[in-house]
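Have it open while you read.

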Amino acid sequence: TNTPEVSPEVHPTEAVIRPTDTPAVSTSHGNGTSKEDDGKGSSVSQYLNVYDELRNVAANTQKALVTVRSHTDSVNWMGENVENVTETFGAFVADNGDDYFVATYYDGTISADRLSVILCTGAEYQATILERDSRYNIAILRIPMNTVADEDKAEIKMLVCDYSNDIYSGMPIIALGSPNGTIGSLEYGFVTASGNRVYVVDGQ
C-alpha cells in the first residue's frame, strides 16, 4: 500500500505533502488540536487554514480598535438625574508622545456631555474632542498618554491607513469595527467596485 508522507516540520497552518494515491493533510487550528483528513477532506482543511490566517490578521488589527462611549446627562420623568450612554467604534490613528488620537464618527459624539474610550484590554479612559468634521462624519478624540496604564500602552497599536487608489475590484478584505451594526463584529468579503468617486468640500 502507498503511505502518504507528510513533512514532520510543518507550520501550524501549512502542510507539505508528497503526492500519493491517498493524500493526507495534517492541520492545526485555533484550539491547538490536530487531525488528519483523507483526500475528500483535504480541501476543507485548506479552507479552514485560510480562515485561521485571516483570523490572526484580524486579531492583531483589533488592538487598534476601541469602543467610544458617549455619556449624556438628562432628567427622567420622576425628576431624577440619569446618565444615558451610547456606543460606537473608533481606532487609534496616531500619537505625538503626549496624547493618543482616536478617529471615530462625528455623529456619535455631537451630543455628548462626556466621552470615554474602551481599549482592547477592557480598560476605560476619559477622552476629549480635538477636531470634528460633519461633512466627513469624522471626529478626532484626544487621550492624554499619562492617564493610560503602562500595561494598556503595551497593547495599543496604531491603525495603518493606506491610499484608496490601491483598492481594486475583487480585492479580498476583512471588515472590522461594526460592519454589520454590532460593535466588535468581523466580516470577510471582496471589494465589489472601486470606480465610484465622491467629491466633498472640506469643512475646515
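Which residues does Ile 143 touch, not counting residues up to four places away in sequence? I start with that one below.

1. A word on the source. This is a predicted model, where local features need pLDDT of at least 70 and side-chain atom pairs count only at pLDDT 80 or more, while totals for chains, interfaces and linings use all residues. Numbering runs from 1 along each chain as its sequence is written, and side-chain values use heavy atoms, with hydrogens and water left out.

2. Ile 143 and the core. Leaving out residues up to four places away in sequence, Ile 143 touches Phe 92, Asp 99, Tyr 100, Val 102, Val 117, Tyr 125, Gln 126, Ala 127 and Val 148 (contact means heavy atoms within 4.5 Å). The largest nonpolar core has 16 residues, and Ile 143 is listed with Phe 92, Tyr 100, Val 117 and Leu 141 as having the most contacts inside it. Strands 5, 7, 8, 9 and 10 each supply at least two residues of this core. Such a core is a set of buried Ala, Val, Leu, Ile, Met, Phe, Trp, Tyr and Cys residues joined through side-chain atoms within 4.5 Å; buried means under 20% relative accessible area, exposed over 50%, and partly exposed in between (1.4 Å probe, protein chains only). Strands (E, at least two residues) and helices (H or I, at least four) are DSSP runs, numbered from the N terminus.

3. Rings. There are 4 aromatic pairs, counted when ring centres of Phe, Tyr or Trp (its six-membered ring) lie within 6.5 Å, with planes under 30 degrees apart stacked, over 60 edge-to-face and the rest tilted. One of them is Tyr 51 with Tyr 188, edge-to-face at 5.0 Å centre to centre and 75° between the planes. This pair links helix 1 to strand 12, 137 residues apart. Tyr 47 joins these two in a cluster of ring pairs.

4. Salt bridges. The structure has 7, each a side-chain nitrogen of Lys or Arg within 4 Å of a carboxyl oxygen of Asp or Glu. Arg 69 and Glu 87 form one, with the closest N and O atoms 2.7 Å apart. Arg 69 is in strand 5 and Glu 87 in strand 6, so the pair ties together parts 18 residues apart in sequence. Shared partners put Arg 69, Glu 87 and Glu 124 in one network.

5. Helix 1. Asp 52 forms a salt bridge with Arg 55 at 3.1 Å. They sit 3 residues apart in helix 1, about one helical turn. Asp 52 counts as buried at 6% relative accessibility, whereas Arg 55 is partly exposed at 38%.
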